[in-house]
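Work through the exercises below with the sequence and the model side by side. Try each task before reading its solution.

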Amino acid sequence: MADRLVIVGAGGFGREVLDVVDAVNSSAATPVWAVAGVVDDRPTEDNLSHLRRRGWLTSALRPT
């Protein structure tokens, strides 16, 4: 069973972590990590757009 992982930060480093997770899972016989989500306290539209294009963005909540 894959370990669940939450990535903190939707910026460049967070996207790099997603790339590493994808690469590790692709090279393993069974997935090592299951990304449970990406959290960011101040996501920019650019960062949300990157996540949306990769299929990682299903919802975005804005603080009130």
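## Exercise 1: Strand pairing

Task: find which residue in β2 stands opposite Ile7.

Solution. Ile7 faces Val38 in β2. This is a predicted model, where local features need pLDDT of at least 70, side-chain atom pairs count only at pLDDT 80 or more, and totals for chains, interfaces and linings use all residues. Residues are numbered from 1 along each chain as its sequence is written, and side-chain values use heavy atoms, with hydrogens and water left out.

Next, take the whole pair. Strand β1 covers residues 3-8 and strand β2 residues 33-39; they pair in the parallel sense over six bridges. From β1 the chain passes through helix α1 (residues 12-27) to β2, a right-handed β-α-β crossover. Right-handed means that, with the strands pointing away from the viewer, the path from the first strand over the helix to the second runs clockwise.

## Exercise 2: Overall layout

Task: state in what order the elements of the chain run from the N terminus.

Solution. The order is β-α-β-α. That gives two helices and two strands. Helices (H or I, at least four residues) and strands (E, at least two) are DSSP runs, numbered from the N terminus.

Now the dimensions. The C-alpha trace spans about 40 × 20 × 20 Å along its principal axes. Of the 64 residues, 23% count as buried. The cut-offs are under 20% relative accessible area for buried, over 50% for exposed, and partly exposed in between (1.4 Å probe, protein chains only). Among contacts with a separation of 6 or more, 65% join residues 24 or more positions apart. A contact means heavy atoms within 4.5 Å.

## Exercise 3: Salt bridges

Task: determine how many salt bridges there are, and which residues are linked in the network.

Solution. Apply the rule: a side-chain nitrogen of Lys or Arg within 4 Å of a carboxyl oxygen of Asp or Glu. The count is two.

- Step one: Asp19 and Arg54 meet at 2.8 Å, N to O. Asp19 lies in α1 and Arg54 in α2, so the pair ties together parts 35 residues apart in sequence.
- Step two: Asp22 also bridges to Arg54, with the closest N and O atoms 3.2 Å apart. Asp22 is in α1 and Arg54 in α2, so this pair ties together parts 32 residues apart in sequence.

Asp19 is partly exposed at 36%. Asp22 is partly exposed at 32%. Arg54 is partly exposed at 31%.

## Exercise 4: Buried or exposed?

Task: classify Asn25 as buried or exposed, then do so for Arg4.

Solution. Asn25 is found in helix α1. Its relative accessible area is 18%, so Asn25 is buried. Leaving out residues up to four places away in sequence, Asn25 touches Pro31, Val32 and Trp33.

Arg4 lies in strand β1. Its relative accessible area is 66%, so Arg4 is exposed. Beyond its neighbours within four places in sequence, Arg4 contacts Ala34 and Ala36.

## Exercise 5: A surface patch

Task: identify which residues make the nonpolar surface patch.

Solution. Val6, Val8 and Val39 make a patch of about 270 Å². Patch residues have over 30% relative accessible area and no salt bridge; like charges are joined within 9 Å, nonpolar side chains (Val, Leu, Ile, Met, Phe, Trp, Tyr) within 5 Å. Val8 sits in strand β1. At 68% relative accessibility, Val8 counts as exposed.

Technical notes: Areas by Shrake-Rupley, 256 points an atom, 1.4 Å probe, with all protein chains shown as cover. Pairing = 2+ DSSP bridges.
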